[in-house]
Amino acid sequence: MELLGEFDPLLVGTVPIGIDLPDSDLDIICFAPDIGFFEEAVKQRLMGLSLHMEQGYTGGILSLTVQFTYQDWIIELFAQPVPTLMQNGWRHMIVEHRILRLWGEKARKAVMKYKLCGMKTEPAFGRLLGLEGDPYEELLRLNDWQDERLARHFNIKGEED
């Protein structure tokens, strides 16, 4: 994280919110106004590691994904010219964390069950909540809701059930 400091790195995904599986990777998002500069910086700063880089478009925005292994962890860097707090990876994790906090252990267990059956995280939350449509887009929409609205809409009552 120190090597990437100027890119406002944030750890996102399943590990920070406690729904990771043994084979989960560490996802780090970065703010890279200049994708080419980010790519060169990563190559220089992570010299000696075997890097797999893939440039493409995510949501119509140029992005770069870098995968490598470090201390038995698969690490995936994801960079876009979008501030990290505005990136979808952060926004998904925040709403998922809020749902887990509101709903408690029963939600975590249900999501883990779906993930163990092979579902990705966002579709697992989509199934838990009974979301229709694209769970990635639906979770982004829910990110803007207050906790009270989430709890009321999905009849979330927490641990006492």
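In which sense, left-handed or right-handed, does H4 pass H5 in their crossing? The points below take up the sheet, the helices packed on it, and then this crossing.

1. Basis of the note. The model is predicted, so that local features need pLDDT of at least 70 and side-chain atom pairs count only at pLDDT 80 or more, while totals for chains, interfaces and linings use all residues. Residues are numbered from 1 along each chain as its sequence is written, and side-chain values use heavy atoms, with hydrogens and water left out. Helices (H or I, at least four residues) and strands (E, at least two) are DSSP runs, numbered from the N terminus.

2. Sheet. An open sheet is formed by 5 strands in the order E1-E2-E5-E4-E3, with mixed pairing; two strands pair if DSSP finds at least two bridges between them. Strand E1 (10–12) and E3 are the edge strands, each pairing on one side only. From one strand to the next the twist averages 25°; angles run from 0 to 180 degrees between N-to-C directions, and axes are lines fitted to C-alpha atoms, for helices over the stretch in contact.

3. Antiparallel pairs. Strand E3 (residues 52–58) and strand E4 (residues 61–70) run antiparallel and are joined by 7 bridges; Glu54 stands opposite Thr65 of E4. Their hairpin has 2 residues between the strands, and Gly59 takes a positive phi near 60° there. E4 also pairs with strand E5 (residues 73–80) in the antiparallel sense, over 7 bridges, and Thr69 has Ile74 in E5 as its bridge partner. In the hairpin of E4 and E5, again with 2 residues between the strands, Gln71 has a positive phi near 45°.

4. Strand E2 (residues 26–31) runs parallel to E5, joined by 6 bridges, and Cys30 stands opposite Ala79 in E5. Helix H1 (residues 35–45) packs on the sheet and touches E2, E3, E4 and E5, its direction making about 10° with that of E4. H2 packs on the sheet as well, touching E1 and E2, and its direction makes about 55° with that of E1. Contact here means heavy atoms within 4.5 Å.

5. H2 and H4. The axes of helix H2 (residues 88–103) and helix H4 (residues 121–129) come within 11 Å and cross at roughly 40°. The two helices are therefore oblique to each other; angles under 35 degrees count as roughly parallel, over 145 as roughly antiparallel, 65 to 115 as roughly perpendicular and the rest as oblique. His92, Glu96, Ile99, Leu100 and Trp103 of H2 meet Thr121, Glu122, Phe125, Leu128 and Leu129 of H4. This contact has 6 nonpolar, 2 polar and 2 charged residues (Ala, Val, Leu, Ile, Met, Phe, Trp, Tyr, Cys and Pro count as nonpolar, Asp, Glu, Lys and Arg as charged, and the others, Gly among them, as polar).

6. H4 and H5. The axes of H4 and helix H5 (residues 135–143) come within 8 Å and cross at roughly 70°, which makes H4 roughly perpendicular to H5. In answer to the opening question, H4 passes H5 in a left-handed crossing, that is, the near helix is turned anticlockwise from the far one by less than a right angle, whereas clockwise would be right-handed. Glu122, Pro123, Phe125, Gly126 and Leu129 in H4 meet Pro135, Tyr136, Leu139 and Leu142 in H5.

7. Salt bridges. The whole structure holds 7 salt bridges, each a side-chain nitrogen of Lys or Arg within 4 Å of a carboxyl oxygen of Asp or Glu. One of them joins Arg101 and Asp147 (2.9 Å, N to O). This pair links distant parts of the chain, with Arg101 in helix H2 and Asp147 in helix H6 (residues 147–153), 46 residues apart.
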